[in-house]
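The sequence and structure come first.

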Amino acid sequence: MITAFQMANMIFTGAGALEKLPETIKTQGLKKPLIVTDIGIVKAGLCKKVEQILEDSGIPYALYTETVANPNEKNATDSFALYTKEGCDCLIGLGGGSSMDAAKACGVLATSGGTIDQYRGMGMLKAPLPFYIAIPTTAGTGSESTCACVITNTQEDHHWKMVLLDGRLLPDVAIIDPLLMTGLPAAITASTGMDAMTHAIEAYISIGAMEYSNAMALGAIKLIFKYLRRAVGNGNDVEAREKMAYAQTMAGIAFSNAGLGLVHSMAHPLSAFYNFPHGFANAVCLPTVLNYNKIVCRAKMTDIARASGLTDLGTFPEDAVCQAVQRLNDDVGIPRTITEVAAMVGATVDAKDIEALSQDALNEVSTPTTPRIPTLKEVIGLYNSCW
C-alpha cells in the first residue's frame with residue numbers, strides 16, 4: 001500500500017523560537033504580514049511581543065483581532081477585507097486553533113476566492129495560501145502542523161462546523177515558542193492538552209494510520225501523560241510547556257495524515273450548537289468513545305497503555321487505557337459530563353438536541369476513519385452516556 005505523508009516546510013520549536021520570525025519573512029522577500037489573532041491574545045500581551053519583534057526589524061504589519069472562540073465565516077471575510085485593504089502579502093496566525101484557523105480561512109479567500117463554504121470537504125482549494133506562518137500560544141490544537149481548517153457556519157439557525165481538508169492549508173513555517181505559553185490559565189492548559197491527547201489517540205487507532213503517523217501519535221501520547229499534569233499545576237514550568245508544545249505538534253502531524261475519529265465527530269456539533277471550547281468538547285467525550293472503540297482495537301489500546309506509563313496492564317489493557325484517560329481528565333480538572341462542561345463555560349444545553357447532534361456527528365468528515373463505524377442509535381447512546 002502506498003501512503004502519503006505531509007507536514008509544514010519548516011518548524012522552529014523551543015524557548016526563544018519567536019526570534020526566527022523576522023528572518024523568516026525577510027528571506028522570503030515578503031513585505032507586510034497580516035497578524036490574525038483574538039482580543040484575549042492582545043490583552044495577555046502576547047500580540048505585543050510579536051508586534052515588537054516586527055517593529056524592531058522594520059517590518060510593517062496589519063492586525064486583525066476579532067477572531068472568536070469557534071471562528072466563523074465573518075472572521076474569514078473580515079480578515080480578508082483587511083488583508084486586501086492593507087496590501088498584505090503574507091499571513092501570521094497567532095493564538096490557539098481558532099486564530100490559526102481564521103488565518104487559514106483568510107488565506108483561502110485571498111487565493112481561491114469566493115466564499116469559505118465553497119471549500120468544505122477534501123482537496124477543494126483552487127490555489128495555495130499566501131505565505132503563512134503559524135505561531136501557537138497554546139499546546140493543544142496542532143493547527144500549526146495540520147492541513148485542516150474548521151469554520152463554523154452561522155448563517156442558519158442550526159449552526160454546524162465546516163471542515164476544510166487540503167494539503168495547501170499546511171503552514172509554510174510554524175514557530176512554536178513555549179515562552180508564549182507560560183502563565184496560560186490552568187483550565188485552558190488542561191482543555192488544550194486533552195485536545196492534543198485526543199488528536200494523538202484518534203490518529204493512532206484511525207483506520208488511516210501508518211507507520212509515520214503511529215510514531216508521532218505514540219510519542220505525543222507519552223509526552224502528554226508525562227507532562228500535562230505538570231503544565232496545569234505550574235504554568236511557568238518551561239520544561240513541561242516545551243514538552244507539551246512538542247506533543248501537540250506531533251499529534252497534529254499524526255492526525256493531519258491519519259485522520260481522526262468519532263470523538264471529534266461528536267465534539268464538533270457540541271461546539272457548533274453550544275459554543276463549547278473544542279478541547280473541553282473532545283475531553284468529555286474521549287473516555288466514553290474509547291470504551292466504545294476498544295473491542296476493535298485491543299492491540300493498539302495495549303500500545304497506548306504502555307505509552308501512558310502503565311506497568312501493570314492486567315488481563316484487559318484496553319480497560320486500563322480508558323481508566324488512565326479518565327484519571328488524567330480528573331487530575332487536570334476536566335468535567336465528567338456535558339452538562340458539567342456547560343455549567344463551567346456558561347452554556348445552556350438541551351438533551352432534546354441529542355438526535356440532531358448525533359446526525360451531525362455521523363455526517364462529520366472524521367467519522368469514516370474511526371475504527372468502529374457507529375449507527376445513529378449508537379451515537380445517540382454515546383451522547384446520552386456523556387450527558
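Is Ala174 buried or exposed? Ala174 is buried, because its relative accessible area is 0%; buried means under 20% relative accessible area, exposed over 50% and partly exposed in between, with a 1.4 Å probe and protein chains only.

## Basis of the model

The model is predicted: local features need pLDDT of at least 70, side-chain atom pairs count only at pLDDT 80 or more, and totals for chains, interfaces and linings use all residues. Residues are numbered from 1 along each chain as its sequence is written, and side-chain values use heavy atoms, with hydrogens and water left out.

Ala174 belongs to strand S9, residues 173-176. Helices (H or I, at least four residues) and strands (E, at least two) are DSSP runs numbered from the N terminus. Setting aside residues up to four places away in sequence, Ala174 touches Met10, Ile11, Phe12, Ala134 and Glu144, where contact means heavy atoms within 4.5 Å. Lys20 is 154 residues from Ala174 along the chain, yet 10 Å separates their C-alpha atoms.

Ala62 sits in strand S3, residues 62-64. Ala62 counts as buried because its relative accessibility is 4%. Beyond its neighbours within four places in sequence, Ala62 contacts Lys32, Pro33, Leu34, Ile35, Glu86 and Cys88.

## Nonpolar cores

A nonpolar core is a set of buried Ala, Val, Leu, Ile, Met, Phe, Trp, Tyr and Cys residues joined through side-chain atoms within 4.5 Å. The largest has 75 residues, and Met194, Met197, Met266, Leu270, Phe276, Leu290 and Tyr383 touch the most other members. Helix H7 (residues 211-233) gives the most to this core, at 10 residues. Another core, of 28 residues, lies apart from it and includes Ala62, Cys88, Leu164 and Leu169.

Tyr383 has contacts with Ser265, Met266, Pro269, Leu270, Ile338, Ile354, Leu357, Ser358 and Ala361, not counting residues up to four places away in sequence.

## Gln248 in helix H8

Gln248 is placed in helix H8, residues 238-258, and counts as buried because its relative accessibility is 0%. Its side chain makes a polar contact of 3.4 Å with the side chain of Glu144. Such a contact is a pair of N or O atoms within 3.5 Å; within protein, one must be able to donate a hydrogen and the other to accept it, and residues adjacent in sequence count only if both atoms are side-chain atoms.

Apart from neighbours within four places in sequence, the residues in contact with Gln248 include Pro136, Thr138, Gly142, Ser145, Met181 and Ala196. Glu144 is also among the residues that Ala174 touches.

## Asn275 between two helices

Asn275 lies in the loop between helix H9 (262-274) and helix H10 (278-293). Its phi is near 60 degrees, a positive value in a residue other than glycine. Asn275 is partly exposed because its relative accessible area is 48%.
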